[in-house]
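Colleague: I have a structure open and would like to go through it with you. Could we begin with the charged side chains?

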Amino acid sequence: MRFPIFFLIASAAFAQDANEIIRRSTDRDFTNFENRKNYTYQERTEVRQFNGKGKLAKTEVETNEILILEGRPYERLIARNDKPLSEKDAAKEQRKLDNELEKRRHQSASEKAKLDKERMEEKKYLREFTEAFDFRVLGEEPVSGKPAWILSVTPKPGYRAKDSEAKMFAKLRGKVWIDKGEYHWVKAEGEAIDTLSFGFFLFRVAPGATVSFEQTSVNGEVWLPSRISVRAEARIAVLKKMHAEIDITYREYRKFQADSKIVADSMDPPSKKN
């Protein structure tokens with residue numbers, strides 16, 4: 001899932017450098033993307049749905065372990081509602097993981113080429129972000145004890161998106177916090193200023209929806225997500241209206257090479273226990 005990227009007191013001299021700050025931070029993100037493949041972590045997603053009167057109707061929580069299989073991330077479900085999976089469900093998830101690992105180990109040249117193309121498309125999408133918005137330095141403030149620039153992010157009037165998914169940029173605005181020392185995005189806040197549509201327009205998010213995103217530096221060599229929050233009113237298939245809050249938190253960061261035994265043990269076939 002793509003999420004759009006949105007990042008106190010800088011001198012006026014920095015104002016004209018807003019685009020340069022964004023450009024340098026984007027270049028850093030490309031390098032960071034490669035380094036992320038060296039880490040595993042856990043992702044806890046809590047979804048709260050509210051009824052028409054604003055009362056909590058349902059809460060669902062899932063925790064996934066993000067593993068590295070053949071150089072690419074893979075999500076394995078490990079808990080529901082903060083409780084470990086039953087033995088039956090855990091075995092099912094293990095079979096899914098084993099099948100995916102086998103599939104990735106025997107990818108054809110055309111399948112690998114398709115993945116490389118998808119990575120290039122991701123980079124183009126990020127590049128287009130830098131072209132679709134106007135950026136202005138508002139100032140600076142510390143984030144996690146380190147100084148960061150605050151940049152306003154507003155749609156550029158008349159911009160025509162090159163990527164179909166980038167069309168949503170014209171419907172978003174927000175702020176971006178960029179670490180002054182390493183030029184990484186450390187925090188972002190965004191707001192929908194028009195209706196956003198997904199999945200052949202079967203899912204529509206109303207104006208006013210907000211997204212916030214934070215990253216953290218791990219081992220001084222990579223930036224990984226630490227928190228994502230979404231507040232939105234939406235319609236599914238135009239008929240069902242819902243208000244939802246989504247909070248995603250990340251933890252248990254581990255370097256893949258250092259903890260390869262832990263990952264490998266988790267992928268041992270069930271027959272080992274017999």
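**Salt bridges and strands**

Modeller: Aspartate 247 and arginine 231 form a salt bridge, with their closest N and O atoms 3.3 Å apart. Please bear in mind that this is a predicted model.

Colleague: Which strands hold aspartate 247 and arginine 231?

Modeller: Aspartate 247 lies in strand E13 and arginine 231 in strand E12, so the pair ties together parts that are 16 residues apart in sequence. Arginine 231 is partly exposed, with a relative accessible area of 28%.

Colleague: Which residues do salt bridges with shared partners join into one network?

Modeller: The network consists of Arg44, Glu46, Arg48, Asp82, Arg231, Glu245 and Asp247.

Colleague: What is the N to O distance between arginine 48 and glutamate 245?

Modeller: The side chains of arginine 48 and glutamate 245 meet in a salt bridge at 3.0 Å, N to O. Arginine 48 belongs to strand E1 (residues 39-50) and glutamate 245 to strand E13 (residues 240-255), so this pair ties together parts that are 197 residues apart in sequence.

Colleague: Are arginine 48 and glutamate 245 buried or exposed?

Modeller: Both arginine 48 and glutamate 245 are buried.

Colleague: How many salt bridges does the count come to?

Modeller: The count comes to 22 salt bridges. Among them is the pair of glutamate 214 and arginine 227, whose closest N and O atoms are 2.9 Å apart. Glutamate 214 sits in strand E11 (residues 210-218) and arginine 227 in strand E12 (residues 222-236), so the pair ties together parts that are 13 residues apart in sequence. Glutamate 214 is partly exposed, at a relative accessible area of 25%, and arginine 227 is also partly exposed, at 28%.

Colleague: Let us turn to strand pairing. Which residue in E11 is the bridge partner of lysine 187?

Modeller: The bridge partner of lysine 187 in E11 is glutamate 214. Strands E8 and E11 run antiparallel and are joined by five bridges.

Colleague: And which residue stands opposite lysine 187 from E8?

Modeller: That is tryptophan 177. Strand E7 (residues 172-179) and E8 also run antiparallel, with seven bridges between them. E7 and E8 form a hairpin with five residues between the two strands, and tyrosine 183 in the turn has a positive phi of about 60 degrees.

Colleague: How many of the residues of E8 are buried?

Modeller: Six of the eight residues of strand E8 (residues 185-192) are buried, which leaves the strand mostly covered.

Colleague: What about threonine 45: where is it found, and what does it touch?

Modeller: Threonine 45 is found in strand E1. Leaving aside residues up to four places away in sequence, threonine 45 touches Glu60, Val61, Glu62, Ile246, Asp247 and Ile248. Threonine 45 counts as buried because its relative accessibility is 19%, and the cut-off for buried is under 20%.

Colleague: A change of topic: what span should helix H3 have?

Modeller: Helix H3 (residues 109-132) has 24 residues and, at 1.5 Å a residue, should span 34 Å. The end C-alpha atoms of H3 are 34 Å apart, which agrees.

Colleague: Which residues of H3 are buried?

Modeller: They are Leu115, Tyr125, Leu126, Glu128, Phe129 and Ala132.

Colleague: Finally, how many helices and strands are there in the protein chain?

Modeller: There are four helices and 13 strands. Of the 274 residues in the protein chain, 40% are buried. The accessible surface of the chain is about 16,100 Å², and carbon and sulfur atoms account for 52% of that surface.

Conventions:
Residues are numbered from 1 along each chain as its sequence is written. This is a predicted model: local features need pLDDT of at least 70, side-chain atom pairs count only at pLDDT 80 or more; totals for chains, interfaces and linings use all residues. Side-chain values use heavy atoms; hydrogens and water are left out. The expected span of a helix is 1.5 Å times one less than its number of residues. Buried means under 20% relative accessible area, exposed over 50%, partly exposed in between (1.4 Å probe, protein chains only). A salt bridge is a side-chain nitrogen of Lys or Arg within 4 Å of a carboxyl oxygen of Asp or Glu. Two strands pair if DSSP finds at least two bridges between them. Accessible areas come from the Shrake-Rupley method with a 1.4 Å probe; for residues, only the protein chains shown count as cover. Contact means heavy atoms within 4.5 Å.
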